[in-house]
Amino acid sequence: MKYRAKVIVKKIENVADPEGKAIFEALFRLGYENVSSVRSGKLFFVDLESGSVDEARKEVEVIARDFLSNPIIERFDFELEVLG
Amino acid sequence: MKAGVVVFPGSNCDRDAFWAIKKPLGEEVEFIWHKDSDLSMFDLVILPGGFSYGDYLRTGAIAKFSPVMSAVKNFSEKGGLVLGICNGFQILLECGLLPGAMIPNEHLRFICKDVHLRVERNDTPFTNSMKVGQILRIPIAHFEGNYYADDATIERIEKKGSVIFRYCDENGEVSERTNPNGSRNNIAGLMNESGNILGMMPHPERASEKLLGSVDGLRIFESILSYCKTRLHSE
């Protein structure tokens, strides 16, 4: 069965996010004074073949934890979709 | 002494590192392709600067899976010396061979300039030719040189004396003002607890000849050579 994992990787709260800060400041200059914060992150679409949802979930968990994210500075989350 | 300079796809400071060992230092040096796995003939392995794998995903994140890196890990476990320069430091961090991580420079600019480093220890294979408190002038060229580790890790590395170089000014003052990229505790160079792996963001190979304006980087290579000679005599 084919699955698509949508993996979001974001920096942990107390790690400086200069990109998020730069985007936030630019938004302010564009007039969005009601925006209070921007944190940047990454989005990955990982398509994989797997025997079951549970198997796919376990595999994506390992891929996200050991490769797509650096646990010292990032956390991840993901959703799994059945493609067919 | 025989040195090896690892070449990853995207490394671009490998030739300068090779030159610094071959000419100013005058020792044997070879390139090591990232798929090679035999490092037994080397005393020193250099992971050079550059943009291995285009810095894709995270800087150093893909290089950590190159076949050579398990050889580097084994080599270091047997006491071999490893010097990670700039991208090389980033790779060592991603591998977990050194603690912490690199994030983008605080002011989001690629910084390319000479900086001053304060030598924190001189009882290491990398700094034995220097004095504690000595100031080195060596260039940096990076976008992701902002060293980060959590409070517990910072406390541990400070307690263990793992910090070898700190960003300072020409008088040795270490402060926010003298920090070019936001690195915690102005950390510019870090050693592992066994004392045989050094990661540093500045480029010593670019400060190894008078023609380039500074030979302070050469002092690091000379220290390594001295250490290797002493080790050979005691075997």
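What is the accessible surface of chain B, and what share of it belongs to carbon and sulfur atoms? I looked it up: about 9,900 Å², with 49% belonging to carbon and sulfur atoms. The area comes from the Shrake-Rupley method with a 1.4 Å probe.

I noted the ground rules. This is a predicted model, where local features need pLDDT of at least 70, side-chain atom pairs count only at pLDDT 80 or more, and totals for chains, interfaces and linings use all residues. Residues are numbered from 1 along each chain as its sequence is written, chains are lettered from A and ligands numbered from 1 in the order written, and side-chain values use heavy atoms, without hydrogens and water.

Next I checked the fold of chain B. I found 5 helices and 11 strands, as DSSP runs (helices H or I, at least four residues; strands E, at least two).

Then I turned to its dimensions. The C-alpha atoms fill a box of roughly 45 × 40 × 35 Å along the principal axes.

I looked at burial too. Of the 235 residues of chain B, 59% count as buried, meaning under 20% relative accessible area with a 1.4 Å probe, protein chains only.

Contacts came next (heavy atoms within 4.5 Å). In chain B, 74% of the contacts with a separation of 6 or more are between residues 24 or more positions apart.

Last, I picked one residue. Ser76(B) sits in helix 2, residues 67-77. Ser76(B) is buried, at 8% relative accessible area. Leaving out residues up to four places away in sequence, Ser76(B) touches Val82(B), Leu97(B), Asn196(B) and Ile197(B).

Terms used
Buried means under 20% relative accessible area, exposed over 50%, partly exposed in between (1.4 Å probe, protein chains only).
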